[in-house]
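The structure comes first, and the description follows.

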Amino acid sequence: MLDHASEIKSMKLYTHIDRVRRELDAIGKDSSADLDAAEISAFDQMHYHGTVAVDHAIDMMEIGSDSSVLEIGSGFGGPARHIANRTGAKVTAVELQQDQNDLAAELTDRCHLAHLIDHVAGDFLSQQWEQRFDGIVSWLAIFHIAERDTLLRSSREILKPGGLFFAEDMYSRSPMDDVERDELGRGMYAAYLPDWDTYQKDFTDQGFDLIRCDEMSDDWTDFTTNRLADYRAARERHVQIHNEATYNAMEEFYDLVNRHFRSGKLGGVRILARKR
């Protein structure tokens with residue numbers, strides 16, 4: 001776990017996490033201020049389309065106040081807080097990186113949602129889960145995990161009968177060369193990028209029935225193109241609120257992701273599967 005937690009910092013999205021505190025300062029929230037999940041959702045979500053994407057999962061899975069949900073790769077805790085805040089569901093938020101997990105737990109406490117969310121620092125694959133869950137969710141995280149069969153077996157084991165697995169994730173839309181895979185491996189910590197058919201077969205082979213598998217590549221290409229342009233256009237604002245190093249790290253990351261989507265080789269998928 002420690003090696004993975006260290007290596008994943010090659011992904012610049014996961015560095016300079018003090019940018020969250022600077023965004024809080026920018027909206028007038030000091031370190032002791034109470035927070036509302038909705039008011040910080042603009043900068044506590046690290047996937048595409050923010051809370052709109054989380055709402056897709058809530059609606060597709062029919063998550064309610066009696067639901068128990070586990071999130072793999074919970075980051076700053078934004079999706080977990082949105083689920084809990086909107087539905088009242090109990091959420092277990094698992095994050096590999098200790099610094100992100102600590103920040104997420106602090107933000108959750110300040111949003112008065114700690115009674116609904118349990119933040120767990122560690123590798124999902126090495127945890128001993130006694131609880132069984134109605135659903136598992138993940139946004140742009142499971143492509144970091146090379147051991148897809150182990151991930152899905154473990155997920156199936158901790159889901160209740162008929163439990164659902166939802167993920168927004170990456171796949172290989174067309175074959176990549178070694179240089180491209182190496183750049184994605186370092187810059188996005190992309191440990192597993194199967195093709196479209198293999199992506200679905202991994203789920204069915206591990207005892208899941210596919211409910212839907214949505215192609216998101218064109219949508220995410222547009223999103224990452226607009227994100228990069230907007231970030232560059234607001235350079236002065238970002239440097240003023242953060243600093244040059246933070247701006248450069250984020251701009252480099254946004255550019256890398258967009259280049260690979262625009263190449264037509266990096267793809268995006270939204271999948272919903274049911275435990276067989």
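## Helix 7 and helix 11

The crossing of helix 7 and helix 11 is left-handed; a crossing has this hand if the near helix is turned anticlockwise from the far one by less than a right angle, and is right-handed if clockwise. Helices (H or I, at least four residues) and strands (E, at least two) are DSSP runs, numbered from the N terminus. Axes are lines fitted to C-alpha atoms, for helices over the stretch in contact, and angles run from 0 to 180 degrees between N-to-C directions.

On the helix 7 side the contact is made by E180, E183, L184 and G187, and on the helix 11 side by F253, L256, R259 and H260. Contact means heavy atoms within 4.5 Å. By class, the contact of helix 7 with helix 11 has 3 nonpolar, 2 polar and 3 charged residues. Here Ala, Val, Leu, Ile, Met, Phe, Trp, Tyr, Cys and Pro count as nonpolar, Asp, Glu, Lys and Arg as charged, and the others, Gly among them, as polar.

## Basis of the values

This is a predicted model, in which local features need pLDDT of at least 70 and side-chain atom pairs count only at pLDDT 80 or more, while totals for chains, interfaces and linings use all residues. Residues are numbered from 1 along each chain as its sequence is written, and side-chain values use heavy atoms, with hydrogens and water left out.

An open sheet of mixed pairing is formed by 7 strands in the order 3-2-1-4-5-7-6. Two strands pair if DSSP finds at least two bridges between them. Strand 3 (117–121) and strand 6 (208–215) stand at the edges with a single partner strand each, so one side of each has no neighbour in the sheet. From one strand to the next, the twist averages 15 degrees.

Strand 4 (residues 133–139) and strand 5 (residues 159–172) run parallel and are joined by 6 bridges. S138 has A167 in strand 5 as its bridge partner.

## Helix 6 and helix 8 on the sheet

Helix 6 lies across strand 1 (68–72), strand 4, strand 5, strand 6 and strand 7 (266–275), and runs at about 155 degrees to strand 5. Helix 8 also packs on the sheet, where it touches strand 5, strand 6 and strand 7, and its direction makes about 155 degrees with that of strand 6.

Helix 6 (residues 148–158) and helix 8 (residues 196–205) pack at an angle of about 40 degrees, with their axes 9 Å apart. That makes helix 6 oblique to helix 8; angles under 35 degrees count as roughly parallel, over 145 as roughly antiparallel, 65 to 115 as roughly perpendicular and the rest as oblique. The crossing of these two helices is right-handed. R148, D149 and L152 of helix 6 meet Y199, D202 and F203 of helix 8, a contact with 3 nonpolar, no polar and 3 charged residues.

## A salt bridge from helix 6

R148 also forms a salt bridge with D169, with the closest N and O atoms 3.4 Å apart. R148 lies in helix 6 and D169 in strand 5, so the pair ties together parts that are 21 residues apart in sequence. The whole structure has 24 salt bridges, each defined as a side-chain nitrogen of Lys or Arg within 4 Å of a carboxyl oxygen of Asp or Glu.
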